[in-house]
Amino acid sequence: MNNYERQPYTFDRVVRILFSVCALLATLYLLTILKGVLLPFLVACLIAYMLEPIVKWNQKWMHTNNRFVPVMTTLIETCIVIGGFCAIFFPYLISECAHMTEMVKTYATKQIDIPFISESIHQFIRDNIDFNQLSKLLSQEQWEKLIKTSISSSWSFLSSSLAFLFGVISWLVVILYVIFIMLDYEKLTLSFRQLVPHSHRRRVFRIFDDIKNAMNRYFRGQFLIAFIVGVLFSIGFVIIGLPMGVVLGLFIGMLNMVPYLQLISLPITALLCLVWTVSTGGDFWLIFWESMAVYIIVQCIQDLILTPKIMGKAMGLNPAIILLSLSIWGSLLGFMGLIIALPLTTLVLSYYNLYVIQRIQNKQDINRH
């Protein structure tokens with residue numbers, strides 16, 4: 001006899017389903033209205049979440065259970081690292097852009113003869129890329145202006161409609177949020193769990209654990225892998241002498257936040273190889289295959305060493321699901337949607353797995369017996 005019976009669609013159940021759908025739509029609507037207010041808080045939550053392992057390490061190193069000193073130490077360490085990176089990277093970026101400007105001007109005017117590459121390809125590139133405009137964008141004056149503008153109004157860019165003063169205030173609010181959240185991180189986590197009714201804790205905690213594991217794999221694990229990959233690419237491109245090598249390497253690392261998305265950087269790499277060849281008179285195919293060797297070596301290091309060591313055997317979300325999730329939630333809620341895309345997608349998948357897939361499996365198991 002079949003002990004598994006589908007729950008009937010009574011009037012009460014239909015009303016509850018409709019109420020749940022309406023509550024979900026209302027939540028999305030409220031998020032859309034309040035995203036300007038919630039964005040600083042969510043950015044702060046993400047920063048605090050990313051820095052929590054460092055706080056734990058500092059607590060262990062200092063042999064203390066108090067979080068204040070480890071949190072302040074973590075923030076100071078983070079500021080020193082970011083400041084040092086900016087002090088090294090921005091002068092290099094301005095210098096490389098000035099050098100690249102000259103290369104682009106040379107490529108736009110010089111005749112090219114590269115074996116196995118037709119002149120029509122170069123003509124197609126010239127016809128579809130405005131090299132004069134590109135040279136202006138790469139000029140030192142333009143980059144200095146861009147850096148000053150981005151520093152002064154970066155929050156306005158994220159919020160898309162905020163003035164400079166409000167942008168500065170927003171970042172100050174983010175800093176305050178970060179400090180408060182990091183100080184009470186463990187208490188806040190425990191409080192959220194205690195808000196769940198006892199009768200639902202087993203199911204809800206299981207979904208929370210799925211979200212936590214996905215967040216650990218993506219925001220912490222994948223971020224660390226992407227950072228290391230970006231550094232490795234930068235080192236490789238600098239060794240072979242590819243122009244804008246550090247910038248391209250870090251860009252590839254950023255693309256690697258979605259696994260294998262870095263492959264879309266291949267046309268950019270080929271174009272930089274062309275520009276380098278025309279400007280220096282070097283062998284295009286030599287530097288091109290050296291660049292491909294960097295791709296292959298770094299990809300092998302990532303797949304054979306970094307991913308197994310950092311991510312372990314746990315399977316993350318499919319790259320296509322991650323990209324689709326970022327696209328959908330980013331379109332619906334802007335930058336805030338990009339932050340909450342992965343937790344929401346994991347929540348939907350966990351709910352589907354818990355209430356749909358497992359019920360089907362239970363029904364199949366009962367039918368076998």
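Start with the salt bridges, taken here as a side-chain nitrogen of Lys or Arg within 4 Å of a carboxyl oxygen of Asp or Glu: a search of the whole structure finds one. Select glutamate 52 and arginine 67, which form this pair with their closest N and O atoms 2.9 Å apart. The two partners come from distant parts of the chain, 15 residues apart, with glutamate 52 in helix α1 and arginine 67 in the loop between α1 and α2. Both glutamate 52 and arginine 67 are buried, where buried means under 20% relative accessible area, exposed means over 50%, and partly exposed lies in between (1.4 Å probe, protein chains only). As background, side chains of opposite charge can pair when their charged atoms come close.

The model is predicted, so that local features need pLDDT of at least 70 and side-chain atom pairs count only at pLDDT 80 or more, while totals for chains, interfaces and linings use all residues. Residues are numbered from 1 along each chain as its sequence is written, and side-chain values use heavy atoms, with hydrogens and water left out.

**The whole chain**

Colour the model by secondary structure next: the protein has 13 helices and zero strands, where helices (H or I, at least four residues) and strands (E, at least two) are DSSP runs numbered from the N terminus. Of the 369 residues of the protein, 33% count as buried. The protein exposes about 23200 Å², of which carbon and sulfur atoms supply 70%, the areas coming from the Shrake-Rupley method with a 1.4 Å probe and, for residues, only the protein chains shown counting as cover. Among the contacts (heavy atoms within 4.5 Å) with a separation of 6 or more, 68% are between residues 24 or more positions apart.

**Around helix α1 and helix α2**

Move to histidine 63, in the loop between α1 (11-62) and α2. Histidine 63 has a positive phi of about 55° although it is not a glycine, and it is exposed, with a relative accessible area of 73%. For comparison, most residues other than glycine have a negative phi.

In helix α2, select glutamate 77, which is partly exposed at a relative accessible area of 31%.

Methionine 50, found in helix α1, is partly exposed, with a relative accessible area of 21%. Methionine 50 touches Phe219, Arg220 and Phe223, not counting residues up to four places away in sequence. From methionine 50 to arginine 220 the C-alpha distance is 6.4 Å, although the two are 170 residues apart in sequence.

**The nonpolar surface patch**

Phe223 also belongs to a nonpolar patch on the surface, together with Leu224, Phe227, Val231, Ile235, Ile239 and Ile310, with about 640 Å² of accessible area together. Such patches are made of residues with over 30% relative accessible area and no salt bridge, nonpolar side chains (Val, Leu, Ile, Met, Phe, Trp, Tyr) being joined within 5 Å and like charges within 9 Å. Helix α8 (residues 201-240) gives the most to the patch, with six residues.

Centre the view on leucine 242, which touches Phe237, Leu248, Thr269, Leu272, Cys273, Ile287 and Ser291, residues up to four places away in sequence not being counted. Cysteine 273 is buried, with a relative accessible area of 0%, whereas cysteine 86 counts as partly exposed at 27%. With a disulfide defined as a pair of cysteine sulfur atoms within 2.5 Å, the count comes to zero.

End at methionine 244, in the loop between α8 and α9, where phi is near 55°, a positive value in a residue other than glycine. Methionine 244 is buried, with a relative accessible area of 10%.
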